[in-house]
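Please find below a short note on the model you asked about. The points are numbered so that they can be taken up one at a time.

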Amino acid sequence: MTTEITNYQCPACTGPLHYSAETGRLECDYCGSSYTAEEIEKRTAERKTAAWDTGSLQQDWGGEAEGMHFYTCPSCSARMFGRDTEGSICCPYCGNPAVLPEQFSGLLRPDWIIPFSVPRSEAIQALQNHYRGKILLPSEFRRRNHIEEIRGIYVPFWLYDARAEADLSFHATRTMTTVEGDYEVTRTQHFHVEREGSLTFEKVPVDASERMPDDFMDSIEPYDYSALEPFRAAYLPGFLAERYDQDAQECAERADLRCGNSVCEALRETVIGYQTAAEEHRDVRLHRGKVSYALLPVWILTTKWKGRTYMFAMNGQTGRMAGDLPVDRKKFWLIFAGVYAVTALVLFLFLN
Amino acid sequence: MRQRLILTAFLCLTAFVPVQAEEEQPFHVLDEAGLLTDVEEDELSSQAAEISREYGCGLYMVSVKDYTVYAPGSVTEAAIALYQGYDLGMGQERNGTLLLLSMADRDYAIVSYGNAAHTAFTDYAKEWLADGFLDAFGDDSWYEGFGQYLDGSRTILRMAAEDTPLEKDTDPARLRTAQMMRTAVIFFVPLAAALAVTMILKSRMKSVAMKREARHYAVSGRPEISRQTDLYTHTTEVRHRIERNTGSSGGTTVGGSGFSSHSGKF
């Protein structure tokens, strides 16, 4: 015998709901919202049926499976696949040259691929451009730092289609100040503002690789989907493609968050004509749609300086670069002291 | 002959000085409300006499049960009536300042008379003086309050004797505060500016961050609005009295009777 325990959550704040015998409604202790049992059951049922649609994902590679290889790095456990490659294969993550080929089977076939359109030479140049205008970058880093390695990887992404609906309410104000006799009078008009609306999203990308830092992948977005093509193994030679190690349901939380935040932000932008608008309540409902699987091109560049490895990621389609740079503490404090001294001198002369 | 002239001049001088110094004053402290002990009264009286002599401006303290006995109008009029009635003041101009406390409704008035008193006890100085003793009188600490009146008056008279009568612009406490503000501005504003500049430069070294939105992937840039309500609920009103800087020119406002005054409640 199985028992299903359902903990009802407040649609407004996700706090636990409890039944109040006095009002005959389910009430939230955290935000004070209350709902009828029918409302909550309807919403819970909607949530249960609103799982992401992964039905279109398939393992059938057809004739393309021939010549495809699956590799595991014994050093960092990265799992990759690629077409017949010439020469040795190095792990794109840890650089280990002894990757082990395995039997290629049981892998989901990507739906889409964006081929690399930025060549290796441009990636190197882009890194130099990335250093430009960074006053706090140590001069030694600029001069002596050499690219240790540059690797092109097709990174697995889940692309989520969704429609997000939100119901927001705000406390908005308009303030006007006038002078009446000896008094300055400030009149504030208060408004209760409500907005309900939706936003449809197509192919919100979330990287499906546990090894690839999410913040790096977010930072090199967006990709131009006009270049998105149905997957063809012909684009793989010369590059390795990482096997996804987080499934679509696992990564969905990030897509949910981004879609939810976006619809709320978009609705908030329609609250105009007020000086302040403080959000009082939000209820976000996601209509989860189709999930597709894509390989997107990323150049990974690593450099070493003072024993520390610096990683840079570059969008292999648009050339957008991301990577944190070291700060020269000496320069930092010199600039700090310079700005302090000049400002203090100007103020001293002005005030005296 | 020469010696005789010198002696005559000396006698004239010594004869004049005691007249000035020993100018008969009806009182310096008149405690009709019975707020002070005899010892306290004597002590305050001797202090007031000493300051009065030093600066040639009489200082007087009077407490009464009800000022309306002396003048039916205001507490200021009562103070003026007392000043004139007792022929207070020093020198030909009858320079002096009187503090009157009336216990019936806890009123007080400070009145000054004579050019020297007006020069020293400016409108600002009277307010400053009152600020000094009001807390003590409010706590029924009469001796302490009168003591503060005398200390304050000494400061006011000393500053006038140094040709810097107490005004907003010459108030040592205000000058100290202004100096501290200037020092704080010179210290903290550059600190904030240096911090802002270096933090902006440092933030440019970071280009990696998680994304929290997905607007780029929205089919349409604008949301489809299904419900829009803008409901006016109420208006709130806050009124602030505008501080008019009327006393910016400083000085002393002298009434038709020749007295300048300041009054209030303690």
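**Notes on the chain interface and local geometry**

1. Contact between the chains. In this predicted model, 54 residues of chain B are in contact with 71 residues of chain A. About 5800 Å² is buried between the two chains, with 58% of it on carbon and sulfur atoms. On the chain B side, the residues that lose the most area to chain A are B:Met205, B:Tyr217 and B:Arg227, which together make up 14% of what that side buries.

2. Salt bridges across the interface. Nine salt bridges are counted between chain B and chain A. In one salt bridge, the side chain of B:Arg227 meets that of A:Asp167, at 3.1 Å from N to O.

3. H5 against H6 in chain B. Helix H5 (residues 123-138) and helix H6 (residues 142-161) of chain B pack at an angle of about 160°, and their axes are 8 Å apart. Because of that angle, H5(B) is roughly antiparallel to H6(B). The crossing of H5(B) past H6(B) is right-handed. Residues of H5(B) in this contact include B:Trp128, B:Leu129 and B:Phe133, and those of H6(B) include B:Trp142, B:Tyr149 and B:Ile156. By class, the contact of H5(B) with H6(B) has ten nonpolar residues, six polar and one charged.

4. H2 against H6 in chain B. Helix H2 (residues 38-55) of chain B packs with H6(B) at an angle of about 5°, with the axes 11 Å apart. The angle is under 35 degrees, so H2(B) is roughly parallel to H6(B). From H2(B), the contact takes in B:Glu40, B:Glu43, B:Leu44 and B:Ile51, among others; from H6(B), B:Arg154, B:Leu157 and B:Arg158 are among the residues involved. The contact of H2(B) with H6(B) is made up of nine nonpolar, two polar and six charged residues. B:Phe146 of H6(B) is listed both in the contact with H5(B) and in the contact with H2(B).

5. Backbone points to check in chain A. Most residues other than glycine have a negative phi, and most peptide bonds are trans. The peptide bond from A:Glu221 to A:Pro222 is cis, with omega near 0°. A:Pro222 lies in the loop between helix H4 (214-219) and strand S10 (229-230) of chain A. A:Lys203, although not a glycine, has a positive phi of about 55°; this residue is in strand S9 (residues 183-207) of chain A.

Notes
Residues are numbered from 1 along each chain as its sequence is written. Chains are lettered from A and ligands numbered from 1 in the order in which they are written. This is a predicted model: local features need pLDDT of at least 70, side-chain atom pairs count only at pLDDT 80 or more; totals for chains, interfaces and linings use all residues. Side-chain values use heavy atoms; hydrogens and water are left out. Axes are lines fitted to C-alpha atoms, for helices over the stretch in contact, and angles run from 0 to 180 degrees between N-to-C directions. Helices (H or I, at least four residues) and strands (E, at least two) are DSSP runs, numbered from the N terminus. Angles under 35 degrees count as roughly parallel, over 145 as roughly antiparallel, 65 to 115 as roughly perpendicular and the rest as oblique. A crossing is left-handed if the near helix is turned anticlockwise from the far one by less than a right angle, and right-handed if clockwise. Contact means heavy atoms within 4.5 Å. Ala, Val, Leu, Ile, Met, Phe, Trp, Tyr, Cys and Pro count as nonpolar, Asp, Glu, Lys and Arg as charged, and the others, Gly among them, as polar. Buried area is the accessible area (1.4 Å probe) that two parts lose on being put together, summed over both. A salt bridge is a side-chain nitrogen of Lys or Arg within 4 Å of a carboxyl oxygen of Asp or Glu.
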